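Subject: Structure handover

Hello,

Please find the structure for your files below. My notes on what was found in it come after.

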Amino acid sequence: MVYTEENIRELILRVLAPPLALFSLQVQNRKNHALIEIELDHLTDKTGSASLEDCENVSRGLKEELDLWGEEFDFTLQVSSAGAERVLRLPEDLSRFQGLLVKLEVPLEAGKWDKRLYRLGPVSGDSVELTLYDRKTRHKKNQKSVSMPIAEIRKGNLYLEI
């Protein structure tokens, strides 16, 4: 029997309890085996990172439920956090991670794209306020912000400065 991603997604959603949420799910069905890869989102953490304990608890609970599907369902389960440098879900994550550093792929002149570091500001309608981040001037006050249409942002990640 082949178990679908949708079957497994429904099971995960029953096992997860707030503040944990499903960030991503990949199921690879192979002959007589399924690889299930889950990334968790922690909705109350500043960067959305789930702890190792969170991952272990979800893994344990999910394994117990998957074992009920019978011995004929052979699987490998991998549960992890989406991470502190996660891919941003645009546009909803722009409001969620306001004030944090992000690396965004934005348009330049002549149809070229560039990845730049910004500090996220407030979202207003279809635009977001961005402050270009420069390590040399990061402690200066009154740095100039720009308003960028959200539709112009190709992709982005949270960025941790070390």
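Predicted model: local features only at pLDDT ≥ 70, side-chain atom pairs only at ≥ 80, totals over all residues.

Residues are numbered from 1 along each chain as its sequence is written, and side-chain values use heavy atoms, with hydrogens and water left out.

Overall layout

The protein has three helices and eight strands, where helices (H or I, at least four residues) and strands (E, at least two) are DSSP runs numbered from the N terminus. Their order from the N terminus is α-β-β-α-β-α-β-β-β-β-β. The radius of gyration (taken over C-alpha atoms) is 20 Å, well over the 15 Å that the globule rule gives for 162 residues, so the protein is more spread out than a compact globule. That rule is 2.2 Å times the number of residues to the power 0.38. Along the principal axes, the C-alpha atoms fill a box of roughly 60 × 35 × 30 Å.

Of the 162 residues, 38% count as buried. Buried means under 20% relative accessible area, exposed means over 50%, and partly exposed is in between (1.4 Å probe, protein chains only). The accessible surface comes to about 10200 Å², and 48% of it belongs to carbon and sulfur atoms; areas come from the Shrake-Rupley method with a 1.4 Å probe, and for residues only the protein chains shown count as cover.

Among contacts (heavy atoms within 4.5 Å) between residues at least 6 apart in sequence, 53% join residues at least 24 apart. The mean positions of the 23 positive and 27 negative charges are 11 Å apart. Here Lys and Arg count as positive and Asp and Glu as negative, with His and the chain ends not counted; the place of a charge is NZ of Lys, CZ of Arg, CG of Asp or CD of Glu.

Nonpolar cores

A nonpolar core is a set of buried Ala, Val, Leu, Ile, Met, Phe, Trp, Tyr and Cys residues joined through side-chain atoms within 4.5 Å. The largest one has 22 residues, of which Ile12, Leu25, Ile36, Ile38, Leu40 and Phe73 touch the most other members. Two or more residues of this core come from each of helix 1 (5-15), strand 1 (20-30), strand 2 (33-42), helix 2 (52-67) and strand 3 (75-81). Apart from it lies another core, of 15 residues, with Phe97, Leu120, Ile153 and Leu158 among them.

Ile12 is in contact with Leu22, Leu25, Ile38 and Leu62, not counting residues up to four places away in sequence. Ile8 lies in helix 1 and counts as buried, at 0% relative accessibility. Leaving aside neighbours within four places in sequence, Ile8 touches Leu25, Val27, Ile36, Trp69 and Phe73. From Ile8 to Glu72 there are 64 residues in sequence and 16 Å in space, C-alpha to C-alpha.

Backbone details to check

There is a cis peptide bond from Pro18 to Pro19, with omega near 15 degrees; Pro19 lies in the loop between helix 1 and strand 1. Another cis peptide bond joins Leu90 and Pro91, with omega about 5 degrees, and Pro91 is in the loop between strand 3 and helix 3 (92-96).

Asn32 has phi near 60 degrees, a positive value in a residue other than glycine. Asn32 is placed in the loop between strand 1 and strand 2 and counts as exposed, at 62% relative accessibility. Ala110 also has a positive phi near 60 degrees. Ala110 sits in the loop between strand 4 (101-107) and strand 5 (113-124) and is exposed, with 76% relative accessibility.

Two further loop residues

Lys31 lies in the loop between strand 1 and strand 2 and is exposed at 76% relative accessibility.

Arg89, in the loop between strand 3 and helix 3, is partly exposed, with a relative accessible area of 31%. Arg89 touches Leu22, Phe23 and Ser24, not counting residues up to four places away in sequence. Arg89 and Phe23 are 66 residues apart along the chain, and their C-alpha atoms are separated by 9.8 Å.

Regards
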